[in-house]
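Subject: Structure handover

Dear colleague,

Here is the structure I said I would pass on. Please look through it first; my notes follow below.

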Amino acid sequence: MPAQTSPALSRRRVFLGRDRELAEFAATVQAGLSSGVFLVVEGEGGIGKTSLIDAALARPAQTHQVLRGAADAMDRRRAHGILLDALAPVLTADDRRVCAEQNEHIAGERLLSVIDAATSGPTVLVLEDLHWADPASLRLLARLARTLSQLPLVVVASVRTQAREDTAPELDQLLTELGHRDLLHSLRLSPLSAAACIRITEQITRSPVGKTLADYTAVAGGNPLFLTEMVHTLLRDGAVTVGPKGADLRDVPVGPSPSLVIVIMRHLSQISAAARALLRNAALLGTRFPAAQLRMISGQQMSELLPALRETFAAGLLVEIDDDTLGFHHELVQAVLLHDVPTPVRAELHREIARRLDEGEVSATTVAGHLLRAPMMREDIPWMMTLAQNTAASAPDTAIELWERVAAHTEVSDPMHVQAVAGLARLALNAGRAAEAGRLVSTVLAHAEGTGAGPMLRNIDVRSLVLQHRHDEARERAHQYAASETLDAGERAAHLAFAGWPSLLLGRTEEARRLTIDGAAFAAANGNPVAEANALTLQGLIANGHGDLDDAVTLLTRAVDLAERTPSLAAVEAFQHASLAVALADLDRVDESGAMLRRSLQLSEQYGFRTGILATHTLAAQARSRSGTLPDISTELEAHAALLGTMDISLDPPVRGLRAYVVAMQEGPAAAREAAEQVDPASARKRWTCRGSSWIWLGHSQLARADGDPAAVLDVLWRGWDDLRAADLFMDCAELALDLIEVWQRVGIGSATGVDASRPDAPVRTDADRASAEVTAVVAAVAAKNPTVAHLRATSLGVTGVVTGDADALVEAEHLMAGTPRTLDHARFAKLAALALPAKDARTRALAETALRAYAEVGAEHEIARARASFRRLGIALHTPRRARPRSGWDALTRTEEKIAAHIADGQTNPEIAQSLFISRRTVETHVSHVLTKLGLRSRTELAIRFAQRSGE
């Protein structure tokens, strides 16, 4: 009986021998659809990862939607490429436009919003060949890991085992993050058993398998793709006979055992030369590629390509992916085709492809991806510079690679070299890598004349020095540039306006104030609104720290208006919106402050300004530190910490101090010890001499509080007071004053005010009355400058009341603070007033219970316990039963968390909630995680159901 041959190669896929893996896959998906999971299917090439995914998702009675994409080694420079492909069915035209035109941060936020919307119901997101994914996609998936447990989403990723040794750092970070959050489930595919291989062979030959053929299947090593291709090749070659007893080999092939590559090459040799040429071009485009690009690089009309295309489809080598995209049946077919082209020839082909795609107006990222695979040629440099400029926002990794190649192949004096390094330095500074940016600038600054890059390089130079806390050098450099007669007046104005920043950070407040006034005037006279906005921002910060709140708001509002009228990255580098938010918060204009913070975040995201995003979270924590609840402040601090990543800048001394203070209020100083140990006032002074510095000292004092050493606490706070006064930070003095006076009263004043005089840096105060007068006078002066600001008047009255023992002053302070949004401060004044009044006074019990309620409202559990103990010692009877905020259930939610739960129940996405509440998306993500944890729920869907049930009760 003549040998039977199979149809086209691999046209009929056979899936057998994976019952255990299929069951595990299905169980993992089912569990993950209620609360997310990330399932990684691992195995060597051809082991059946895609087949397993297909079989699992093709099971009947599936009620979830499936979104699917695949990465491609040829397309790793396309930012978010695998996610854009997977989410294509749910992307709008505007989504595609944003992802194509905007920077990585904005595109990523938009894609996260798309995922939020797409997962309103159970969803499976399949990402094949994740080992080839672009860095931006991997970074975004790491972001998604923060909220994956909240979504009815299963991410299924296939990863080739042998590629793991060369795993991209971003993939390692993703898998580490998933493992840390207990969201990672790995399913490793081993070689098939001998019995499974025989069953597959029987399916292909449609006959029982004889012993000789059965033994020969072991050559495939249990790899189903290898096995399938090998058996088809044997059938095509007539090496298999099919008789009454089944299929068997005519003769056992002699020579070494074939490899999968050899099997595929033999199959390719059996198609026409035209079809092979077409496949070679297709292989250069990638595993998957738009049909239009294949037409462009082939230089033929699609009608001319059609016969060869039909042949490749009939041979089972190419398949249709969607309406616009073709792809190889398996990536190993593409790999064999590429391997068959000598490396130098393949590189030159990529250059030709880049030219043709560029002429066809294909995206700069795709063009650059091919050009970067070609050897460097001098005539390509202008082209590379253009491509780098066009990819810097949407695909910064590609721009960096282009600029680095230009820099490596040009002399340092070459204008192209200088411009390329300037681009690299700008991206490094934007990403928060100040040291790298400064190093890059130093290599080319001497050659900047006549290149057009000088202004950018000098700007990066001084800013990177400030961000590295090299303030003396930054001050000297800014003055040098401002005085240079070789620079135009507009640039000189920019440096004069900036010179005040390092002066302020060096503690030279008056010098900084003078420079900002001169800089603003010079900038306005020379038509540089960006420099004027910069100078006005610093003026506003100085005024705010000094306690001139109305002046601060006026100056910062002018700076914000100028920045809005001249939209650019340079216009928002001074963080004027977030600085205005802090000043508005000092005036208790909470809603306006929130709106400014939201606008600051929007602008920083718009320009891909990671340093600005970090600064916004830093200042947001300060702005909300007095009016928010302690859990809400903690949430903001968590969002700040999540941003740091690879950034080498530090804007967080007040944030570290605030974190220690918040933990102490919630759980006590002992629990805050670890956070307090990270607060070093001496080091912080070199990095932060601005509004918010009081938190550094309040946080640092928790170490001494944890040791139970009031004298040491007093020592810390007195040193903080002197430090703040010397820097003219009178608003921070007002924030420190009450803690200072309270501890002072407990320690007992004595002749040396309770301070350890043996310390070389200890303040010398031999007159206790004069020292107390100093504190009350400073706070009173700040309150007098802001007569309409109730919390400052209350603080002044409260400090005076504690110093003099005036209970009526404390009662009035409590009354004033009750009318502000500062609930924690209100609780403190109510407690102090209650303790100052006689236990039998009719007002005492009411004030004590007010204090306990207010502490409970903000989540200050430790302060509740301390207050109760103080009231008990003085015999103050309470009607309010002791009830700490529960740690779980609806009553455990803060006000903000309750609002967020309601928004989720209404079907709002995280960005929509952020917009409604004037907070960042990251802050919303953290809040949602807290809500689910407290309610014992696993996903937003469960939360929406539970909320509806509760509302109906």
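Helices here are DSSP runs of H or I with at least four residues, numbered from the N terminus. The model is predicted.

First, helix α14. It covers residues 302-314, which makes 13 residues. From its first C-alpha to its last it reaches 17 Å, close to the 18 Å expected at 1.5 Å a residue. The helix does bend, by about 35° at Ala308. After α14 comes Gly316, with a positive phi near 75°.

Second, the sheet. It is open and has 5 strands in the order β2-β3-β4-β1-β5, with parallel pairing. Its edges are β2 (65-70) and β5 (184-188), each of which pairs on one side only. From one strand to the next, the twist averages 20°. The edge strand β2 pairs with β3 (residues 123-128) in the parallel sense over 6 bridges. In that pairing, Gln65 has Thr123 of β3 as its bridge partner. Helix α2 (residues 49-57) packs on the sheet and touches β1 (37-43), β2, β3, β4 (153-160) and β5. The direction of α2 makes about 155° with that of β4.

Regards

Conventions
Residues are numbered from 1 along each chain as its sequence is written. This is a predicted model: local features need pLDDT of at least 70, side-chain atom pairs count only at pLDDT 80 or more; totals for chains, interfaces and linings use all residues. Side-chain values use heavy atoms; hydrogens and water are left out. Helices (H or I, at least four residues) and strands (E, at least two) are DSSP runs, numbered from the N terminus. The expected span of a helix is 1.5 Å times one less than its number of residues. The bend at a residue is the angle between axes fitted to the seven residues ending there and the seven starting there. Two strands pair if DSSP finds at least two bridges between them. Axes are lines fitted to C-alpha atoms, for helices over the stretch in contact, and angles run from 0 to 180 degrees between N-to-C directions. Contact means heavy atoms within 4.5 Å.
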